[in-house]
Amino acid sequence: MKPTIILNCASRVDEARYGFLSWLLQDFPDEFEVVLNLYGKDAEEFRKLATKAVSNVAVRIYDERPCTFFNISSANNLGAVRATGDLLIFANSDIVYPSFFLRELVAEFRRANLHYAICNRINLTKEETSRFAPATEYGAENNFDFVCGMEHTPGRWQFYSSPWVVRKKTFWAVGGFDNKVVCHEDYDITVRLVHYLRRMG
């Protein structure tokens with residue numbers, strides 16, 4: 001099972017550098033790839049970060065022209081078309097993941113024979129993000145594992161979705177994301193995927 005992480009960045013570029021790099025530093029035993037659809041003018045910054053990637057990840061950065069209206073459904077579908085892996089991981093580009101995340105995620109997909117899953121994330125406070133070093137200072141020996149445990153911070157109660165993980169065959173069986181859905185596209189595809197998977201047993 002080869003995973004493809006699909007990231008789209010049209011804004012929040014500073015935060016997206018951290019999220020992008022955290023995927024490149026995954027302690028995953030097999031080949032995987034990161035596809036970044038970049039809708040802005042910062043491709044060179046991301047290419048510099050790509051030089052820090054572990055040896056078994058293929059990094060593909062697509063420098064798209066800036067857009068006045070960003071359609072996440074269309075961008076996700078574009079990433080899925082560009083993906084060579086058979087497990088698609090649609091992640092918010094500005095979310096940071098610890099180095100073991102991909103290894104444990106794929107292991108659970110295999111163990112439980114999953115076809116679709118939604119993971120959880122937390123939103124960090126300004127105080128927490130202010131303690132981050134510049135993105136360029138992180139690497140294989142200095143990764144983002146320090147975020148582990150932040151979910152237990154007193155007063156933390158709300159969790160949000162990201163990433164969405166689906167087998168490519170299942171994704172295309174329901175037609176992918178609906179390009180006409182420009183809000184709550186994740187809920188729309190979840191309803192269709194759950195309906196499809198129940199019908200297929």
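Biologist: I would like to start with Glu-33; in which strand is the place of Glu-33?
Modeller: Glu-33 sits in strand E2, where a strand is a DSSP run of type E with at least two residues, a helix is a run of type H or I with at least four, and both are numbered from the N terminus. This is a predicted model, in which local features need pLDDT of at least 70 and side-chain atom pairs count only at pLDDT 80 or more, while totals for chains, interfaces and linings use all residues. Residues are numbered from 1 along each chain as its sequence is written, and side-chain values use heavy atoms, with hydrogens and water left out.

Biologist: Why does Glu-33 count as buried?
Modeller: Buried means under 20% relative accessible area, exposed means over 50%, and partly exposed lies in between, with a 1.4 Å probe and protein chains only. Glu-33 has 2% relative accessibility, and therefore it counts as buried.

Biologist: Which residues does Glu-33 touch, not counting residues up to four places away in sequence?
Modeller: Contact means heavy atoms within 4.5 Å, and the residues that Glu-33 touches in this way include Lys-2, Ile-5, Ala-58, Arg-60 and Thr-84.

Biologist: What makes E2 mostly covered?
Modeller: Eight of the eight residues of E2 are buried. Phe-32, Val-34, Leu-36 and Leu-38 point one way from the strand, whereas Glu-33, Val-35, Asn-37 and Tyr-39 point the other way, and all of them are buried. In a regular strand the side chains alternate between the two faces of the sheet.

Biologist: How do you know that E2 and E3 pair?
Modeller: Two strands pair if DSSP finds at least two bridges between them, and E2 and E3 have eight bridges in the parallel sense. Along this pairing Glu-33 stands opposite Ala-58 in E3, and Asn-37 stands opposite Tyr-62 in E3. E1 and E2 also pair in the parallel sense, over six bridges, with Asn-8 opposite Asn-37 in E2.

Biologist: What is the crossover from E1 through H1 to E2 called?
Modeller: This β-α-β crossover is right-handed, a name used if, with the strands pointing away from the viewer, the path from the first strand over the helix to the second runs clockwise. E2, H2 and E3 likewise make a right-handed β-α-β unit. H2 lies across E1, E2 and E3 and runs at about 175° to E3; such angles run from 0 to 180 degrees between N-to-C directions, with axes as lines fitted to C-alpha atoms, for helices over the stretch in contact.

Biologist: What makes E3 and E5 the edge strands?
Modeller: Each of E3 and E5 pairs on one side only. The open sheet of six strands has the order E3-E2-E1-E4-E6-E5 with mixed pairing, and its twist averages 20° from one strand to the next.

Biologist: Which residues touch the most other members of the largest nonpolar core?
Modeller: A nonpolar core is a set of buried Ala, Val, Leu, Ile, Met, Phe, Trp, Tyr and Cys residues joined through side-chain atoms within 4.5 Å. The largest such core has 43 residues, of which Phe-20, Trp-23, Val-34 and Phe-46 touch the most other members. Its largest share, seven residues, comes from H1. Leaving aside its neighbours within four places in sequence, Val-34 is in contact with residues including Ile-5, Phe-20, Trp-23 and Val-59.
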